[in-house]
Amino acid sequence: MNGRIFSVVGGMFLLTVCSKGDRSSVQAAPAAPAAPAAPQPAAIAASSDGSADGGTITGKIKFTGTAPRNPAIDMSEEAACKAKYKTSPTEENVVAGPANALANVFVYVSAGLPANAKYQAPSTPVTLDQNGCRYHPHVLGIMVGQPFEIINSDPVLHNIKAIAKKNRPFNVSQPSAGMKTTRTFSTPEVMVNLECNVHGWMKAFLGVRSDPFYAVSGEDGSFSIKGLPPGTYTVEAWHEKFGTQTATVTVTGTESKTANFTFAAH
Ligand SMILES: [Cu+2]
C-alpha cells in the first residue's frame with residue numbers, strides 16, 4: 001500500500017487548505033503530525049484497493065461433481081437465534097453459486113513477494129459478527145496487526161475460540177448482545193479456525209497475512225487481488241472441504257492476469 005506516502009502528501013495539502021479558511025471538504029485525514037515523516041523501510045508501492053499502480057490477478061472458482069448437502073443446524077435450544085431464520089438454517093461447508101461457482105475460497109499469494117517487503121496494516125478493523133448463531137462472514141482475511149473485531153449480535157452466550165498454531169490462541173466469552181472484543185494477530189497463518197464452545201456448528205476461518213494480497217471468492221466464485229508489484233507468484237486457493245490448489249502467475253506491470261481454479265467435490 002502506498003497509503004503512507006499518500007498520507008504525508010495529503011496531510012500537507014490539508015494544512016494548505018485549512019490555512020486558507022476553505023470549508024473543509026477534504027475528507028477526514030487526521031491532522032497530520034507536522035513532524036517530518038520518518039524514513040520508512042521498504043516502501044513497496046502496492047495497493048490493495050486497486051486505485052494505484054500494480055497488477056491484478058482475477059479468477060473464478062468452480063467445482064466439478066455434486067456439492068455435498070450442508071447439514072441442517074438444530075437451533076431448537078436457541079430460540080432467539082432460530083427466530084432470525086425463515087427457513088431452517090444450515091452449516092456453510094460448501095456454498096455454491098450458479099454454474100458450480102464456489103464461494104468462501106480464500107485466495108492469497110503464498111510465495112513470490114520480496115522477503116523484505118513490509119506492508120502496513122489498515123487501522124480499519126475486520127469484523128466478525130455472531131448473528132443468528134452463525135458467523136458472518138464464514139471465511140475472511142486479515143493482515144498481521146490489523147484489529148479483529150468480534151461482535152455479538154445475539155442475546156445469547158457465545159464463546160469464541162481461536163485455534164491457532166503460529167499465533168496465540170484465545171478463548172473469549174461474550175454473554176450478551178452488543179459485546180465487542182478486539183484482538184490482533186502477530187504472524188501469518190492460513191487458516192486460523194474459529195469456533196464457538198457453546199454452539200458446535202459455529203465455525204469460521206480466518207486467513208492471516210503480512211501483505212494485502214488476498215481475497216475471498218464471492219457467490220459467483222469470483223475473486224480479485226489488486227495492486228501487485230511485478231513478480232512471479234504462487235497463488236493458493238484454500239477451501240475448507242475441498243483442500244488447496246495453487247497456480248503460478250507472473251505480473252509484469254499494471255495488467256490483469258487470470259487464474260481460475262476448479263476443485264473436485266468430494
Ligand atoms: Cu455461539
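**Buried spots, bridges and a copper site**

User: Asn-104: buried or exposed?
Analyst: Asn-104 is buried, since its relative accessible area is 14%. Buried means under 20%, exposed over 50%, and partly exposed in between, using a 1.4 Å probe and protein chains only. Keep in mind that this is a predicted model, where local features need pLDDT of at least 70 and side-chain atom pairs need pLDDT 80 or more, while totals for chains, interfaces and linings use all residues. Numbering runs from 1 along each chain as its sequence is written, and side-chain values use heavy atoms, leaving out hydrogens and water.

User: What's the phi of Asn-104, and where does it sit?
Analyst: Phi is positive there, about 60°, although Asn-104 is not a glycine. Asn-104 belongs to the loop between α2 and β2. Helices (H or I, at least four residues) and strands (E, at least two) are DSSP runs numbered from the N terminus. Asn-100 lies in that loop between α2 and β2 too, and has a positive phi near 60° as well. Asn-100 is partly exposed, at 30% relative accessible area.

User: OK, which peptide bonds are cis?
Analyst: One joins His-136 and Pro-137, with omega about -5°; another runs from Val-190 to Met-191, with omega near 0°. Pro-137 is in the loop between β4 (134-136) and β5 (139-143), whereas Met-191 is in strand β10. For background, most peptide bonds are trans, and most residues other than glycine have a negative phi.

User: Switching to the metal: what coordinates the copper ion?
Analyst: Four donor atoms do: ND1 of His-158, SG of Cys-196, ND1 of His-199 and SD of Met-202, at 2.0 to 2.7 Å. Donors are N, O and S atoms within 2.8 Å of the metal (3.2 Å for Na, K and Ca); water is not among the atoms, so a site may look incomplete.

User: What geometry does the site have, and how are the donors spaced?
Analyst: It's tetrahedral, with angles of 94 to 135° among the 4 donor atoms; that label asks for all angles between 85 and 135 degrees. The spacing in sequence is H-x37-C-x2-H-x2-M. His-158 comes from strand β7 and Cys-196 from strand β10 (residues 189-196), so the pair ties together parts 38 residues apart in sequence. His-158 is buried at 0% relative accessibility, and Cys-196 is buried at 5%.

User: How many salt bridges in the whole structure?
Analyst: There are 3, counting a side-chain nitrogen of Lys or Arg within 4 Å of a carboxyl oxygen of Asp or Glu. Asp-154 pairs with Lys-84 at 2.7 Å. Asp-154 is in the loop between β6 (148-152) and β7 (158-163) and Lys-84 in the loop between α2 (79-82) and β2 (106-111), so this bridge ties together parts 70 residues apart in sequence. Asp-154 is buried at 0%, but Lys-84 is partly exposed at 40%. Lys-257 meets Glu-255 at 3.7 Å, and Asp-211 meets Arg-209 at 3.9 Å. Both Asp-211 and Arg-209 are buried.

User: Which side chain has a polar contact with Glu-236?
Analyst: Tyr-108, at 2.8 Å. A polar contact is a pair of N or O atoms within 3.5 Å; within protein, one must be able to donate a hydrogen and the other to accept it, and residues adjacent in sequence count only if both atoms are side-chain atoms. Glu-236 is in strand β14 (residues 231-239).

Methods. Four donors count as tetrahedral if all angles lie between 85 and 135 degrees; four count as square planar and six as octahedral if opposite donors are over 155 degrees apart and all others between 65 and 115; anything else is irregular.
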